[in-house]
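Q: I am new to this structure and would like to go through it with you. Could we look at it together, one part at a time?

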Amino acid sequence: MAKLDFADWNPISHGFNKGLMRDPIRGLVVHITDGHGNLSSVRADFDREEKRASAHFAIDKFGDMWQFIDTDDRAWAIDGGTHDEQWISVENVAKYGEQLTEGQLYGCALLLEWLHDEHDVPFQLTSHGSGKGLGYHKMFHIGDHACPGPSVVRQLESIRRWAWYLWYRDTGDSDAPEYIRHFRD
Ligand SMILES: [Zn+2]
């Protein structure tokens, strides 16, 4: 049961499965909303019974983060099944082709750091649903999803570095290489 302290808890009651996450938790999947609606409209959209889609978290362009679903519950962000039960999903308010803002990169980095701390998710990129680390929606090759688009996929490396830097700053991790220790210099 985890409601994260850096996210505002605004739960939904439709479009997910209670308690169906399964070990090992593989990592974080980055999405975009492909719109400019604020967090309350993202939440309201997911909370419609007929929507049948959700994500654990959403981050707006200012970096504000809402949590819609407990991390023990399975979102319907990828397939509503065997993929979603091993991945935590985060939506970012952005239209296709836009880059994530600094606040969104930081929010994603906080989530990846938490996943490392809680579930031993490695600070690495992955492009496979059977991998571990930081991934993105399109890597699952389900449907014709373009989400989150190449402009965001190119930013994943900076999320990875930022997350590891936060972890280094918080723990003094002796495995952190020099380029991570000086990420924010
Ligand atoms: Zn997506």
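Q: What should helix α4 span, at 1.5 Å a residue?
A: The model is a predicted one. Helix α4 covers residues 156-171, and its 16 residues should span 22 Å at 1.5 Å a residue. Its end C-alpha atoms are 23 Å apart, which agrees with that expectation.

Q: Which residues of α4 are buried?
A: The buried residues of α4 are L156, I159, R160, W162, A163, W164, Y165, L166, W167 and Y168.

Q: And what covers them?
A: The cover over the buried residues of α4 includes strands β3 and β8, together with helices α2, α3 (150-153) and α5 (178-181).

Q: What happens just after α4?
A: Just after α4 comes G172, which takes a positive phi of about 70°.

Q: You mentioned α2. Where does W114 lie?
A: W114 lies in helix α2, which runs over residues 102-119.

Q: Why does W114 count as buried?
A: W114 has 22 C-beta neighbours inside 10 Å. A residue is buried if 20 or more other C-beta atoms lie within 10 Å of its own, so W114, with its 22, counts as buried.

Q: How far is W114 from L166?
A: The C-alpha atoms of W114 and L166 are separated by 10.0 Å, while the two residues are 52 residues apart along the chain. L166 is also one of the buried residues of α4.

Q: Changing topic to the strands: how many residues of β3 are buried?
A: Strand β3, residues 27-32, is mostly covered, with six of its six residues buried.

Q: Which strands is β3 joined to by bridges?
A: Six bridges join β3 to strand β7 (residues 87-92), and these two run parallel. Strand β8 (residues 133-136) is joined to β3 by four bridges, also in a parallel arrangement.

Q: What are the bridge partners of V30?
A: In β7 the bridge partner of V30 is V90, and in β8 the bridge partner of V30 is Y136.

Q: Now the whole chain. How many helices and strands are there?
A: The chain has five helices and eight strands. From the N terminus on, their order is β-β-β-α-β-β-β-β-α-β-α-α-α.

Q: What radius of gyration does the chain have?
A: The chain has 15 Å. A compact globule of 185 residues would have a radius of gyration near 16 Å, so the value agrees. Along its principal axes, the C-alpha trace spans about 50 × 35 × 30 Å.

Q: How much of the chain counts as buried?
A: Of the 185 residues, 44% count as buried.

How values were computed
Residues are numbered from 1 along each chain as its sequence is written. This is a predicted model: local features need pLDDT of at least 70, side-chain atom pairs count only at pLDDT 80 or more; totals for chains, interfaces and linings use all residues. The radius of gyration is taken over C-alpha atoms; the globule rule is 2.2 Å times the number of residues to the power 0.38. A residue is buried if 20 or more other C-beta atoms lie within 10 Å of its own, exposed if 12 or fewer, and partly exposed in between; C-beta atoms are placed from the backbone. Two strands pair if DSSP finds at least two bridges between them. The expected span of a helix is 1.5 Å times one less than its number of residues. Two residues are in contact if their C-beta atoms, placed from the backbone, lie within 7 Å.
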